[in-house]
Amino acid sequence: MTRVLISVDMEGISGIVHPTETNPDRYEYERSRALMTAETNSVIAGVLDAEPTAVVWVADAHGPFRNLLPEELDRRAHLVRGRPRPLGMLGGLDEHTDAVLLVGYHARAGRGPAVLAHTMNDGILDVRVAGRSMGEIGLNAAMAGHLGLPVVLLSGDDSACAELSDLVPSAVTVPVKQALGQGAAVALHPAEARDRLRRAAAEAVTRRAQVSPLILAGPLEVEVDLSAPFMVDLATLVPGVSRTEDGRTVTFTGADFAETYRLILLLAQLATIKPG
């Protein structure tokens with residue numbers, strides 16, 4: 001029986017362009033939750049159009065991981081919700097999964113034009129694995145690849161789609177908006193975006209055997225640029241993490257990508273701690 005994991009972020013949902021729409025403390029967030037849930041339902045429907053007996057897991061992967069509206073989610077799916085949890089944005093991923101779909105994703109920090117581009121949080125300026133800059137798209141694709149699993153679909157703005165295509169050329173991408181900058185885009189109507197997502201999800205699952213996993217063999221040299229000196233101070237408390245001479249970059253060696261991924265998640269969490 002096919003098992004699929006759909007990881008859903010918010011910044012790459014059609015129509016969303018501003019932090020007031022993605023922050024739980026801001027006034028437009030509730031509408032964004034509804035848009036996020038509706039796009040997720042379209043992807044679930046597409047997967048099940050192609051394979052009616054598939055087991056579908058959905059990982060809520062934005063901010064607090066409590067954004068999707070459980071009562072509005074397609075009842076045929078299993079929802080992975082809340083944090084902290086193993087594998088972060090890929091909660092629920094394991095060796096029994098057959099394919100991964102990334103919905104509502106955004107480009108990495110420093111890439112542009114790209115809507116709400118960042119890597120995990122504002123404390124991280126860049127992550128380089130074996131010299132290659134990687135954001136959430138690349139890191140999650142490589143974590144799936146570590147288990148031999150392909151990322152078969154991604155939706156978001158055109159910059160996010162190009163980011164996955166650079167790494168996994170055979171994956172299906174669905175650009176639901178064209179980025180004009182960090183806070184501006186030309187977006188599809190939400191209903192049109194959902195129609196395209198449903199068709200694309202069915203296609204992606206059907207042709208998953210043609211998509212190669214992104215596999216990065218260890219050991220892996222990793223550099224993480226942090227935005228403030230105190231973040232570097234905290235990061236170097238982690239065994240194996242060292243600061244470099246430039247003062248804002250820390251480095252470590254991951255034995256494999258699973259270890260690398262876990263350490264990056266930890267550094268991202270440390271980067272949210274305020275000084276004092």
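This briefing describes strand pairing, helix packing, backbone geometry and selected residues in one protein structure.

The model is predicted: local features require pLDDT of at least 70, side-chain atom pairs count only at pLDDT 80 or more, and totals for chains, interfaces and linings use all residues. Residues are numbered from 1 along each chain as its sequence is written, and side-chain values use heavy atoms, with hydrogens and water left out. Helices (H or I, at least four residues) and strands (E, at least two) are DSSP runs numbered from the N terminus.

**Strand E7 and its partners**

- All 7 of the 7 residues of strand E7 (residues 151–157) are buried, so the strand is largely enclosed by the rest of the structure. Buried means under 20% relative accessible area, exposed means over 50%, and partly exposed lies in between (1.4 Å probe, protein chains only).
- Strand E4 (residues 99–105) pairs with E7 in the parallel sense over 4 bridges; two strands pair if DSSP finds at least two bridges between them. Leu102 has Leu154 in E7 as its bridge partner.
- E7 also pairs with strand E8 (residues 172–181), in the parallel sense and over 5 bridges. Here Asp157 has Lys177 in E8 as its bridge partner.
- A right-handed β-α-β unit is made by E7, helix H3 (residues 158–167) and E8. A crossover is right-handed if, with the strands pointing away from the viewer, the path from the first strand over the helix to the second runs clockwise.

**The antiparallel sheet**

- Strands of a sheet pair through backbone hydrogen bonds, either parallel or antiparallel.
- An open sheet of 5 strands has the order E6-E5-E10-E12-E11, with antiparallel pairing. Strand E6 (132–133) and strand E11 (242–243) stand at the edges with a single partner strand each, so one side of each is left without a neighbour in the sheet.
- Helix H6 (residues 257–270) packs on this sheet and touches strand E5 (124–129), E10 and E12; contact means heavy atoms within 4.5 Å. The direction of H6 makes about 155° with that of E12.
- Strand E10 (residues 220–226) and strand E12 (residues 249–254) run antiparallel and are joined by 6 bridges. Val224 stands opposite Val250 in E12.

- Helix H1 (residues 29–50) has 22 residues, which at 1.5 Å a residue should span 32 Å; the end C-alpha atoms are 32 Å apart, which agrees. The expected span is 1.5 Å times one less than the number of residues.
- Of the 22 residues of H1, 17 are buried, so the helix is largely enclosed by the rest of the structure.
- Two packed helices are described by the angle between their axes and the distance between the axes.
- The axes of H1 and helix H4 (residues 190–206) come within 7 Å and cross at roughly 35°. Axes are lines fitted to C-alpha atoms, for helices over the stretch in contact, and angles run from 0 to 180 degrees between N-to-C directions.
- The crossing of H1 and H4 is right-handed; a crossing is right-handed if the near helix is turned clockwise from the far one by less than a right angle, and left-handed if anticlockwise.
- Residues of H1 that meet H4 include Leu35, Ala38, Val43 and Val47. On the H4 side, the residues include Pro190, Ala193, Leu197 and Val205.
- Ser32 lies in H1 and counts as buried at 1% relative accessibility. Leaving aside neighbours within four places in sequence, Ser32 is in contact with Met10, Ile16 and Glu21.

**Backbone geometry in loops**

- Most residues other than glycine have a negative phi, and most peptide bonds are trans.
- Arg83 and Pro84 are joined by a cis peptide bond with omega of about 0°; Pro84 lies in the loop between strand E3 (77–80) and E4.
- The peptide bond from Gly112 to Pro113 is cis, with omega near 0°, and Pro113 is placed in the loop between E4 and E5.
- Met120, although not a glycine, has a positive phi of about 75°. Met120 lies in the loop between E4 and E5 and is partly exposed, with a relative accessible area of 22%.
- Ala130, in the loop between E5 and E6, has a positive phi of about 55° although it is not a glycine. Ala130 counts as exposed at 58% relative accessibility.

**Pro52**

- Pro52 lies in the loop between H1 and strand E2 (55–60) and is exposed, with a relative accessible area of 66%.
- Pro52 and Arg208 are 156 residues apart along the chain, and their C-alpha atoms are separated by 16 Å.
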